[in-house]
Amino acid sequence: MTGFPRSLSHPMTVFCDFDGPIVDVSDRYYSTYHLALTDTAKFYREFSQPNPKNLDFLDKLTLLTKAQFWQMKQNRVPDLEIARQSGLDDVQIDYFLRRVMEIVNCANLLHLDKIQPGVTWALGLLRSQGCKLILVTLRDRSEAIDMLERNGLRPLFTGIYGTASSEAAYQNYSQIKTQLLRRAMHEHQVTNHNLDHSWMIGDTEADVLAGQAMGISTIALTCGIRSLNQLSQLQATLIKTDLLCAVHHLVGLSSLQACAN
C-alpha cells in the first residue's frame, strides 16, 4: 500500500470487534429470521391437527422486508417483538425463538457473512502505522479465524480473542466481552502507562461498555447492528460510520473530513 503517512509517534493498540466493524452479518441474520418463520409455519401445519384453530395465525403471517427487520435489530427490538410483528401468537413464538437460536450459526448460513467495504484498507493502514491490532469478539474464535484466513486478513492481527460458544455473539453478552478485553489488555501489556494510546472499536453496547469498564477510549460504528440513536446513548468517545472512517481519525489522515460522524 502506498501513500500512507509516516508511522505514529506513539505506538497505538487497537482492539476491534468482529461482527459489525469487520463483517456484515445482516444477510445471515435476516435469512435466520426468514427460515425460522417458515419453519414455524410448517411445524404448525403438520402437527396442529386435529385442532385447526392453532392455524389461525397463518392468515396474518407477514414476512418483514430486510430493511424493516434490520431497522428493528439496530434499534434493539427483541426477537420476541419481531415475531409478534410478523404475525405470530404467543403459542408459536417459543418455537420461533428456539429455531432462531438453532440455525443462526449453522454452517449453511455462515457463508452469507461478508467483509465490510473498506476493511482490508483500514486494517492495512493501521498496521502500516505500527499499530498493534487485536481482535476481541464474542464470535466463536475458530469461526473468526477461518473467515479472516479466507480473506487474507489473519496476518494483520497480533492477537485474536473469542469464545468457544456459537451463541455468545448473537446474545451480545457485555460481561463476556469485558472479560475478553481484560484478558487481551493484560496479555498485550496495556496498562495505566499506555491507556491513552489504546482504543476499543465496535458496533454494540457490549463493545462500548467493555472499553469504558477497562478505561480505554471507544469508537462506536453505525455500520453494524446498532443505530446511531442507540449508540448515541452509550457515550462512546467517538461515533463513526465504519471502520475506515474510524481508522482515518486514529491515524490523522488528511481525508478525515470526508468521514462524517
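**Close-up 1. Helix α1 passes helix α4 in a right-handed crossing.** This view comes from a predicted model. To find the pair, look for α1 at residues 26–47 and α4 at residues 90–103. Their axes cross at roughly 135° and come within 9 Å. That angle makes α1 oblique to α4, because an angle has to be over 145 degrees to count as roughly antiparallel, and 65 to 115 degrees to count as roughly perpendicular.

**Close-up 2. Here are the residues where α1 and α4 touch.** From α1, look for Thr-32, Tyr-33, Leu-35, Ala-36, Leu-37, Asp-39, Thr-40, Phe-43 and Tyr-44. Their partners on α4 are Val-91, Gln-92, Tyr-95, Phe-96, Arg-99, Val-100 and Ile-103. Sorted by class, this contact has eleven nonpolar residues, together with three polar and two charged ones.

**Close-up 3. Helix α9 packs against helix α10 at an angle of about 45°.** Here you can follow α9 along residues 174–187 and α10 along residues 205–213. The two axes lie 8 Å apart. With this angle, α9 is oblique to α10, because only angles under 35 degrees count as roughly parallel. The crossing of α9 and α10 is right-handed.

**Close-up 4. Now meet the residues that join α9 to α10 in contact.** On the α9 side, find Ser-174, Lys-177, Thr-178 and Leu-181. On the α10 side, find Glu-205, Ala-206, Asp-207, Leu-209, Ala-210, Gly-211 and Ala-213. How many residues of the contact of α9 with α10 are nonpolar, polar and charged? Five are nonpolar, three are polar and three are charged.

How values were computed:
Residues numbered from 1 in each chain as written. Predicted model: local features only at pLDDT ≥ 70, side-chain atom pairs only at ≥ 80, totals over all residues. Heavy atoms only, no water. Axes fitted to C-alpha atoms, helices over the stretch in contact; angles between N-to-C directions. Helix = DSSP H or I, 4+ residues; strand = E, 2+ residues; numbered from the N terminus. Left-handed = near helix turned anticlockwise from the far one by under 90°. Contact = heavy atoms within 4.5 Å. Nonpolar A, V, L, I, M, F, W, Y, C, P; charged D, E, K, R; others polar.
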